[in-house]
Amino acid sequence: MQFEVWAPQAGQVGLRLDDGTHAMARDPEREGWWVVSAPATDGDRYGFLLDDDPAVRPDPRGRRLPDGPDGLSAVVDVEALAPDPERQAPPPRTPLQDAILYELHIGTFTSEGTFDAAAARLPHLAALGITHVELMPVCSFPGRHGWGYDGVAPWSVHEPYGGPAGLARFVEAAHTHGLGVVLDVVHNHLGPSGNHLQAFGPYFTDTHHTPWGAAVNLDAPGSDEVRAYFLGSALAWLRDHRIDGLRLDAVHALADGRALTFLEELAAAVDDLAAELGRPLFLIAESDQCDPRTTAPRAAGGLGLHAQWNDDFHHAVHCATTGESQGYYADFAQEPLAALAKTMNRVFFHDGIWSSFRGRTHGRPVDRRHTPAHRFLGYAQTHDQVGNRALGDRLSASLSPGLLACAATLTLTGPFVPMLFMGEEWGALTPWQYFTDHPDPALGEAVRTGRRREFAAHGWHAEDIPDPQDPATRERSCLDWSEPEKAPHARLLDWYRTLITLRRTHPDLRDPDLAAVRVAFDEERRWLTFRRGDVRVVVNLSPDPTTIALGRNGVRVLAAWEPLEHPGPDGRIHVPGESAVVLAP
C-alpha cells in the first residue's frame, strides 16, 4: 500500500514498519509531500522518521492510534468499516427544520464509557423522539477519560472508546434506530500533550495568538496544506464514517484573515459532498459573536454554515428559571422575561447593544424576514453551561420539577431547533464535572491548580472544586440509568416525550418564520406566553398560580404539566405555579 506524509521542512523522511525502515521519496507533483509503497495490512503499526530525529512519530492523518497519541499509528482499512451494503441501515434524512438533537459524551453516557455501551442505550433516545445524536469530540487525546477538547489527532478515533471500528458500529446502530449522528470537531486548537504536528510542518503560526497559544495556521505561509488537512479530516468523518453532520467548536476562535475563509471553504465542500453522496449533511457552528452572517448564504455574503448555537436563548432561560445574575448572566438577569421574549422572536439578545460582561456593544440583528428559525439551536443545558460551573451542577440540582418542565417547554416548543443535554430529559441528579486524565503529572497539576485558581476569583474555596485528575470526578459525571424509572424523574421524562410528540405532530411548532412568533409576558408575575401559528404556549415561573387572558380564540389544552381546566368562554386560563401548558384550537 502507499504511504504519504506532508513534511515540507524535512530533508529526508522514513517510514517505520514492523519489517524495518523504508526510505520515502519526494512526490514530484506535490511540493512538500513524501511517498513510498510498502507491504502492510489492517492493524499494522507504522510511523515516520524525520531527518536525524530518532523519534518515530505517528501519521498526522492516521485513523487509529491504538497506544495513544504518543504511540505508533495503525493501518485502517476504511472500506472494511462500512457495513454490508445489502444490510446497512440508510442514513436518516430528517432536515434540520424537523430535527431534535441530543448532546452526548461517550465517556460518561454510560459507566463503561464506550461506543458499544452507548449504542445499547440508543433505543431510549429513539423512544424519546430524538432525531440526531450530537457526539462530543471523539478524536484521540492523552489518557483514557476527558471531555475530548484536548484532542491532538483530528483524523483518528479515541481508542478507549472503541477506535474506528467502535465508531462504525455506533453509527450503524444509530442509523438502524432512525437516528442521525452529528460529531463535534475542534479546528481552533489542539491539546497541549501528544501533539506532534509541528514536527512535520507549519501547522501553527505565531502570527495570531489564542487562549491556547500559537494559532492553527489558516492564513500564514504553508496554510494551504494546513487548511486541506483540517478540511480533509472533516470530510472523512462524513464520507468514511457516515456521520451526518458536524458541530464546529468555537468558530470565533479561528484566526483566519484570508479573503476566502476556512469556514466558507468547508461549507462549500460539505455541500458538494452532500450532493455527491445524495444525502443531507450539515454544519452547526458554536459562535460567541451573535452574528447572523455565520449562517447566512454564501451568495449573500455569509459563511454558509447551516445552523449555529444560540447561547443567548440559553442565558435567558437560565436567568428566568434560576434567578442567577453573575458573570455573563448579568444583562439577562435585569429583566429576564423581557430578555427571553427578545431572544424568542429576535434570536440574539445582544444584537448590537451594550454587553456589560464584555464592556462593549456586541452582536448584530437578525433579518427575521429572510432568516429561518432552523438556522439556530435552542437549549436549556449543554456540556459547556453545566460543566464549566464550579461543581458541574445541572438545573435539576436547584430547580423544582415544575421549573424543569417549564425549561423543557420553552426549548421544545420554541422557534429554534431543540437540543437536549444527556440526562436532562429525566432531570438527572448526577453532575457533569470537568475531568481530565493527563498522563503528564506536571500538566495534570497545572490543570488542577488553574481550575481552582479560576474559581477562587469567584469566592470558591479550593477544596470545594472537584479535582479534574481524580478518577472519581469522571465517575460522578456518569449518568445513573436507574433514575429514569423512579419518581420524580419518570414524570419529567414523560413530559419531554409529550412535548416532542407535539412538536412532531403540529407543524406550527416547526414553522421557520421568526417574524410570526408572538410573545407576551408579565415580569412581575413571572409568566410568559407565546404563539406559534395556532398553538399557544404558557409558562408560569412563579410559585403562585396566575390567571392569564388568552383572548376569545377557542383554544383547548393539548398538554399541561399540572392538571387544569380549559380556558373559559372569556379566554382566561388559570395556571398553577411553576407549570406549563400547550394549547391549540
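So, is Y328 buried, partly exposed or exposed? Y328 is partly exposed, with a relative accessible area of 35%. Buried means under 20% relative accessible area, exposed over 50%, and partly exposed in between, with a 1.4 Å probe and protein chains only. Y329 counts as buried, at 3% relative accessibility.

A word on sources. This is a predicted model: local features need pLDDT of at least 70, side-chain atom pairs count only at pLDDT 80 or more, and totals for chains, interfaces and linings use all residues. Residues are numbered from 1 along each chain as its sequence is written, and side-chain values use heavy atoms, leaving out hydrogens and water.

Now aromatic pairs. Rings of Phe, Tyr and Trp (its six-membered ring) pair if their centres lie within 6.5 Å; planes under 30 degrees apart count as stacked, over 60 as edge-to-face, the rest as tilted. The count is 25 aromatic pairs. Y102 and F109 pair edge-to-face, 6.2 Å centre to centre with 80° between the planes. Both Y102 and F109 are buried. Y328 and Y329 also pair edge-to-face, at 4.9 Å and 75°. W6, W155, Y203, Y229 and F230 make up one aromatic cluster.

Next, charges over rings: NZ of Lys or CZ of Arg within 6 Å of the ring centre and within 35 degrees of the ring normal. K342 has its charged end over the ring of F349, 5.2 Å from the centre. R491 lies over the face of W561, 3.7 Å from the ring centre.
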